[in-house]
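Welcome, and please open the model in your viewer. We will walk from helix to helix, selecting as we go.

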Amino acid sequence: MNRHKKTIVLVVLLSVCVFIHFYSANSVRVENGYSTNYYPFIGSGFRFLFGWVPFSVGDIVWAVFVLFILRQILLIIRFLVVKKRRVLTKEKVIEVFYSCFKFIAVIYIFFNLFWGINYNRQGIAKQLNLKIDSFSIKELKNMNAVLVIKINEAKQQLISHKTPYPDNKVLFVMTENAYKNLSAKYDFMKYKPRSLKASLWGWVWNYTGFLGYYNPATGEAQVNTTVPKFTQPFTACHEVAHQLGYAKEMEANFVGYLAAAASEDTVFRYSVYTDLFTYANRTLYYADSTAALEYRKLLLPAVISDFKERRKFSLAHTSFLQPIFTSIYSIFLRSNQQPMGMLSYDEVTGFIIAYYKKFGTI
């Protein structure tokens, strides 16, 4: 490609990137345009294309992408080290810059057009007319107390009925049914067709701390099904929330709660309440550690046993990869309207308290 054509390509790519940036700056425009009119067709289209495939196409795409990046890094190292005597000409520098910019710009455009602009929407708080304010320590303690009751009740039902945890196939059908129940109340929560799958690389995610992820390249939601069973229902609901266009983690957590709470299956309610308690109790711990510990003591022994299992699993898969992935992902979240980074997940507590104040129940 000659210099003139390269310049045109650069100008076009840069123009599209700038357009996306300025379009995304207005949350009302994004909500009323992209998120509620354009994206639903894109999301359902991807799910229609790949949902029927019995394995995760997205995981294959990620594997190819990672291998491609590693190959490029090795080529750069080889050029700089093995062939260090090679003259780094002006033309070579320009060619490398052009290739890098084109690659990054294409990824940025693809990611945003097919999902990422959702980070800038008004979101579920606007749709439910929730006022997300700062909350008091008293309100936080009250939420911990409510969640303790919810967890204990759900666990007692599971024990009394000897309810087994579902296998992957049943779990995904139950998740779809949970959203079906939710959509009866909120029409914008319709989830069809389904594209929810077990990740092929769960054993890798265990060492990075990820329980699941959404792949914008294929519209699939992946669940790490190698982790403790009681955590998986809420993870599935969380990832489906991403599929429906709720990109921010605290919003996906809240929408995942709405779906799990609407489920007819106790395993879903137990899963979501244990997660919400973890976030709310951790938030309380920062303000009043004594009170946080007291609420933990109110949990049933069987619940505490589940928490210990989760902790044991996490410790057994501790590795040098986790802090690296956590740091990288935190940077990604901060660059996408989530200044708290990984702690953005905890911000669901504010949504839950606002919901409880408005509706009187969770």
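Before the first stop, a word on geometry: axes are lines fitted to C-alpha atoms, for helices over the stretch in contact, and angles run from 0 to 180 degrees between N-to-C directions. Helices (H or I, at least four residues) are DSSP runs, numbered from the N terminus. This is a predicted model, in which local features need pLDDT of at least 70 and side-chain atom pairs count only at pLDDT 80 or more, while totals for chains, interfaces and linings use all residues. Residues are numbered from 1 along each chain as its sequence is written, and side-chain values use heavy atoms, with hydrogens and water left out.

**First stop: H11 and H15**

Select residues 266-287 for H11 and 348-359 for H15; their axes come within 9 Å and cross at roughly 105 degrees. H11 and H15 are therefore roughly perpendicular to each other (65 to 115 degrees). Now show side chains: Leu276, Tyr279, Ala280 and Thr283 of H11 make the contact with Val348, Thr349 and Ile352 of H15 (contact means heavy atoms within 4.5 Å). Coloured by class, this contact has 5 nonpolar, 2 polar and no charged residues (Ala, Val, Leu, Ile, Met, Phe, Trp, Tyr, Cys and Pro count as nonpolar, Asp, Glu, Lys and Arg as charged, and the others, Gly among them, as polar).

**Second stop: H6 against H15**

What angle do H6 and H15 pack at? It is about 85 degrees, with the axes 11 Å apart, so H6 and H15 are roughly perpendicular too. Look for Glu139, Leu140, Asn142, Met143 and Val146 in H6, which meet Thr349, Ile352, Ile353, Tyr356 and Lys357 in H15. The residues of this contact divide into 6 nonpolar, 2 polar and 2 charged.

Next, select H13, residues 301-316. Which of its residues are buried? Val303, Asp306 and Phe307 are (buried means under 20% relative accessible area, exposed over 50%, with a 1.4 Å probe and protein chains only). Look down the axis of H13: the buried residues fall within an arc of 95 degrees, so they line one face of the helix (the arc is that of the directions from the helix axis to the C-beta atoms).

**Last stop: Asn253**

Finally, centre on Asn253, in helix H10 (residues 249-262). At 1% relative accessibility, Asn253 counts as buried. Leaving aside neighbours within four places in sequence, Asn253 is in contact with Phe234, His238, Tyr279, Tyr345 and Val348.

Terms used. Helices (H or I, at least four residues) and strands (E, at least two) are DSSP runs, numbered from the N terminus. Angles under 35 degrees count as roughly parallel, over 145 as roughly antiparallel, 65 to 115 as roughly perpendicular and the rest as oblique. The expected span of a helix is 1.5 Å times one less than its number of residues.
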